Amino acid sequence: MKPEGFATLRAGEKEANKKIVKVGDCEVDLEEVVRDLRGVEDIATDIIKEMGERRVKQWKPKLNILAHASDIAEWDSVLLNRYHPLYTSIPSTPTIMEESNQAKLSLQDTCKGLFKQLTFARDLLDFAIKSFGRNREIDMGSSITYPTMNTSLLTGFYTKNLDDMDRALSYAEAQLLELLLAAYFGAETVVEFEEKALHAGALTFLVMEIAETIKMCCFEFFNAGNHPATEYSDSPPVEIEVGMGAVDRTRPVIVFFGNNFLPAWFAVEHVKAKGLEDAIEICGVGAVGHDIPRFYKGGKVLTSAVKARKVTRAGIPDVVVASETCLEFDLVAEAKRVDAKVVAYGYKAGSGLEDRSDDSVDDILKNVMENDLPGVRITIPEKAGELAVKLAIAIKQKGNRKENYLLSELKEEASRCNSCDVCVDVCPNKQTISKAMDDVSALADIYDNCIFCGECERACPEGVPIMDLIMSAAATTGKLKGDKYLMRAGRGPMSELEWRDLTFGIILGGNGPGMINIIGCGNYPGSEREVAEMARYFLERNALVTVSGCVAADVAKYFDENGFLFEQYIAAGVLKGLVNFGGCTAISHVPAAIYRGALVGSGYTPKANWTQIADYLYARLPVVTIMWGAATEEMYAVAAGLVRSGIPVVIGPSGFKFKRYFLGDKDDRSKWWMYDGVTGEKKEVEPCPMHMLVPVDTKEEAIAMSAKLLHRPLALRDPRLASLEAENEAYKNFFGEYSDDWHLYVRSEQELHVMRRAELLRKLRQEHGWEIEGMKIKRARHRSGELMDMQEYNKRYGIQLGRYSTLVPRLITRKDNNDT
Ligand code: SF4
Ligand code: SF4
């Protein structure tokens, strides 16, 4: 008897079992569209019908439903060929490793980033399914027509309910296993490892998007999709307090650390149910810090994850609640120093505390207070939230908690300092600690430059409590109280309507240079100021600036005579808009917003067609991401995902710590080409975007490089002018001279800003051998060295403005359907 499931594999029978979908007068054989149709026929049918007759006639459709890494190799090879991966040797690795080994490590790091986000998303999804059922609808609000775009681009379907989310997340889990096998046991080429790393990056966005969507659709996180566009300019309002000075320490204070917001959500539910809103402080650090204000406007963001220890050293919390987290210190020991109690939430946060999940909240409370336990571990978020509230109130009522160390008491300990300067040697910011021992204001100055990493205390042979001294000096001089700012809470997705407006500003015309996304977690002295200054620089030049993750709190700290930065710029996704997407998972709105750009500009729906969407974005949309601060595995994964979407990433400061880059070579003319999408002719184009993942050291370099990376070969005239002016202004301002290649982006004198047109035309003549007549370019020097009139130059160099073009041979329109 033949096995039934394999019947369709038999020769002859295959023809009879053809899966044909009719679209208009076209018939599409799904077996030719999808590599393996089994189990995904329904998805493929939907997509082909949605695509419509015209598209089906234009290109041979190819769908990567529930894509594996190699399914998208078509696009990855375009990228990796143009931007060959470059590796810097890894610190602590004594020998230069061969390239494929470095690529393997790169894949391992990206997988770790994906895995960290995945474990959180899985916990959240399982909890949501248990609480709301599999049929719980995913409704993104009336302003968002197309939900979960990161997900649909890889899977081919939108997640309409939690069951769909489960299917998508299970796909990501299976993919991770496949990638891990290669990452730890594979012997592959550099390109094969990097294709997989790009895939892990893309999956990271899917996973973050699932978590983010559950937050908005099940836990009432602020979601712009629920608001009409008329409200976007000031929505949500600038009312969220940021900084340690914002905390009223006469009230019970709970501080949440880590990635998981569930205990905080239930704490807030309890607070609201008991009418305690004005009687208790609910604060957060890092990812959860940015989540809380999206469902509770009384929530306060204290600092970024990398500076978390600052909060306990300041003695701010009565109770700390920690979920699985990026903390790199012993939270229980730190809490003990200031008599705070710890509630460790979840199965992954051990910390050596007793698991009391089976006991009643009141029993645990009594036990902790009467026996002065350091804390407990709880795996049920409702219980963790309620316990945190009750514990904080009880601790405050008891009233004998040790507050900050008093500077006078610490002086005696400081006297042990023997000026060996071991602490200075290990300090990442080289603070002259020993010299400040007797000087309160010098210690307070160190506070400004201290990230509370603890290296100095660990290394001190005399056991001087250096961080306590620094913190006490900050409290004594009023610095702690002064650490108080305002921001907007995260708003969630950008709508299609906003992209429609943005299209006029940065694609069709207008004077906006593009969209700048700043993400990351500042981990060095002055990082807040630098992040804010980068944002302000681009805002003043008409860009749309978005922030996500901890950098939103950094930007919040910027103020001048006109107020806080968030007060000075509108919250809408338009030119001169400053959008806070939200905490870490909200980074998934960056590519999703840009996929909406593809949707609005081209009509391509992002569904199982990665190559087509990325090809469109890469060559047209002036979008850059600045990744600032800690080079964590999550950031590694996020960078890979953005690059695969066609979005260049600038990484800094000290970007060399990132270990792997995708750099283009502007001088290698063989790399810079596109196909005329109608005739199929291969044409040389401008070398842009010049890099896809590039390190910088300073904020000035980041600004100038970001401006340069806004160039796109298919940009229309006004956007070309805007991006060239952004680059020229930045280079001139920061480095005193223009870049050595700005002339490669000029195709008409009208693309030179009127204020510097005469100067640049003179440079074209004197330095590049172009023929100039008055204020007009008469003949241009082609990269081949030939001098030619502008008509010929534009024919030979670059794509005609407005012409459909592509980097992928498959996407050249079919000869008989070239009506685009
Ligand atoms: S805790 Fe502060 S002073 Fe000490 S090593 Fe770290 S940054 Fe330097
Ligand atoms: S390591 Fe300790 S003893 Fe040495 S200079 Fe620093 S504080 Fe003083």
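A residue is counted around a ligand if one of its heavy atoms lies within 4 Å of that ligand. The views below are of a predicted model.

**Figure 1. Residues around ligand 1 in the predicted model.** The shell is made up of Cys427, Pro428, Asn429, Ile433, Cys450, Ile451, Phe452, Cys453, Gly454, Glu455, Cys456 and Met467. Sorted by class, 9 of these residues are nonpolar, 2 are polar and 1 is charged.

**Figure 2. Residues around ligand 2.** The shell holds 13 residues. The closest to ligand 2 are Cys417, Cys420, Asp421, Cys423 and Cys460. By class, the shell around ligand 2 divides into 8 nonpolar, 3 polar and 2 charged residues.

**Figure 3. Open sheet of β23, β24 and β25, with helix α31.** The 3 strands follow the order β23-β24-β25, and their pairing is antiparallel. The edges are formed by β23 (771-773) and β25 (787-789), each of which pairs on one side only. From one strand to the next, the twist averages 25°. Helix α31 (residues 757-768) packs on this sheet and touches both β23 and β24. The direction of helix α31 makes an angle of about 30° with that of β24. Between β23 and β24 (residues 776-781) there are 3 bridges, in the antiparallel sense. In this pairing, Glu773 has Lys776 of β24 as its bridge partner.

**Figure 4. Strand β20 and its pairing with β21 and β26.** Strand β20 (residues 673-676) runs antiparallel to strand β21 (residues 682-684), and 3 bridges join the two. Here Tyr675 is opposite Lys682 of β21. The two strands form a hairpin with 5 residues between them. In the turn, Gly680 has a positive phi of about 85°. Strand β20 also pairs with β26 in the antiparallel sense, over 2 bridges. In that pairing Tyr675 stands opposite Thr806.

Figure 5. A polar atom of the Thr806 side chain lies 3.0 Å from the backbone nitrogen of Val808. Apart from neighbours within four places in sequence, the contacts of Thr806 are Asp615, Met674, Tyr675, Gly677, Leu811 and Ile812.

Figure 6. Asp29 counts as buried because its relative accessibility is 10%, and the cut-off for burial is under 20%. A polar atom of the Asp29 side chain is 3.0 Å from the backbone nitrogen of Glu31. Not counting residues up to four places away in sequence, Asp29 touches Lys18, Lys19 and Ile20.

**Figure 7. Strands β9 and β10.** Strand β9 (residues 341-345) and strand β10 run parallel and are joined by 4 bridges. Val342 is located opposite Gly375 of β10. Strand β10 (residues 375-378) is covered on both faces. Gly375 and Arg377 are buried on one side, and Val376 and Ile378 are buried on the other. In a regular strand, side chains alternate between the two faces of the sheet.

**Figure 8. Helix α4.** Helix α4 (residues 73-82) is mostly covered, with 7 of its 10 residues buried. The buried residues of α4 are Ala73, Trp75, Asp76, Val78, Leu79, Leu80 and Arg82.

Methods: Residues numbered from 1 in each chain as written. Chains lettered and ligands numbered in written order. Predicted model: local features only at pLDDT ≥ 70, side-chain atom pairs only at ≥ 80, totals over all residues. Heavy atoms only, no water. Nonpolar A, V, L, I, M, F, W, Y, C, P; charged D, E, K, R; others polar. Pairing = 2+ DSSP bridges. Axes fitted to C-alpha atoms, helices over the stretch in contact; angles between N-to-C directions. Contact = heavy atoms within 4.5 Å. Buried < 20%, exposed > 50% of the residue type's maximum accessible area, 1.4 Å probe, protein only. Polar contact = N/O pair within 3.5 Å; in protein donor to acceptor, adjacent residues only side chain to side chain.
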